[in-house]
Amino acid sequence: MPFERAALLAATFINARQLQETFIRPIVLRMGTYGVAISADVKGKGMTSYGYARVSTRDQNVSRQIDALRAFPLEEHRIFVDHYSGVHFERPNYQLLMGTMGPHDVLVVTSIDRLGRNYKEILEQWQELTKRREIDIVVLDMPLLDTRSTDRDLTGTFIADMMLQLLSYVAQVERENIRQRQAEGIAAARVRGVRLGRPPLPKPKEYWAIKELVGGGELTHAEAAMRLGVSRTTFEKWLREDR
């Protein structure tokens, strides 16, 4: 099946797990029927396993990923965690992990999108790790993406690469769909007059007296905010609301 056709088919599935169970696994089993060996044997000598977890913001809970990595099992000190936000994909602990790992070590992640934000980044990281650095990868929620096979021949490598491209493509589609639904939900809420974000902070009773002191030049905005126990930005917002 040409990759373009396979990618189009992949886009119709709800998520990567459904794609794996309904499309990829039958292909692998059928190939096994025709004599293509997909061995479950793994290398166990001279290697160290490490885990990597990542969330988009510090507010997101990384516990589920860490629990899954511990159950692999991995020792706590071999699990590296990153938080990132914004347009810059800064991963200091991932870079530290890369400096720690050597050939034939194993990188364990809970899902393929922990390796990158999009299809291109995932493929680049996979190639960098498995081909150039000879690091094995285990993706916990996609058991077919496990490079530890000891008898990976040309056909087996082709199957793994095909699965990687399909699954990373679907992972990106999932993220884009989530962002689109979030944007649509925010737009619909605004049309209905729903206030988004944190609820406004109420003005304390001391605010009015301190506002008079600021107006008389006896206090700066920063001093007034400190007395009220709020940020200068919040205090100045209150002032604008009262104009």
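In the predicted model, R243 is classed as exposed because its relative accessibility is 79%, above the 50% cut-off for that class. R243 is located in the segment that follows helix 9 (232-241). Together with R195, K237 and R240, R243 forms a positive surface patch.

A nonpolar surface patch is also present, with an area of about 220 Å² and I186, V194 and L196 as its members. Of these residues, I186 belongs to helix 6 (residues 154-191). With a relative accessibility of 37%, I186 is assigned to the partly exposed class.

Several backbone features occur in loops. The peptide bond between F72 and P73 is cis, with omega at about 15°; P73 is placed in the loop connecting helix 3 (63-70) and strand 2 (79-83). Positive phi values in residues other than glycine were found for H104, near 75°, and for E134, near 55°. H104 lies in the loop between helix 4 and strand 3, whereas E134 lies in the loop between helix 5 and strand 4. H104 is partly exposed, its relative accessible area being 36%, and E134 is likewise counted as partly exposed, at 42% relative accessibility.

Key
Residues numbered from 1 in each chain as written. Predicted model: local features only at pLDDT ≥ 70, side-chain atom pairs only at ≥ 80, totals over all residues. Heavy atoms only, no water. Patch = residues over 30% accessible without salt bridge, like charges linked within 9 Å, V, L, I, M, F, W, Y side chains within 5 Å. Areas by Shrake-Rupley, 256 points an atom, 1.4 Å probe, with all protein chains shown as cover. Salt bridge = Lys/Arg side-chain N within 4 Å of Asp/Glu carboxyl O. Lys, Arg positive; Asp, Glu negative; His and termini not counted. Charge placed at Lys NZ, Arg CZ, Asp CG, Glu CD. Helix = DSSP H or I, 4+ residues; strand = E, 2+ residues; numbered from the N terminus. Buried < 20%, exposed > 50% of the residue type's maximum accessible area, 1.4 Å probe, protein only.
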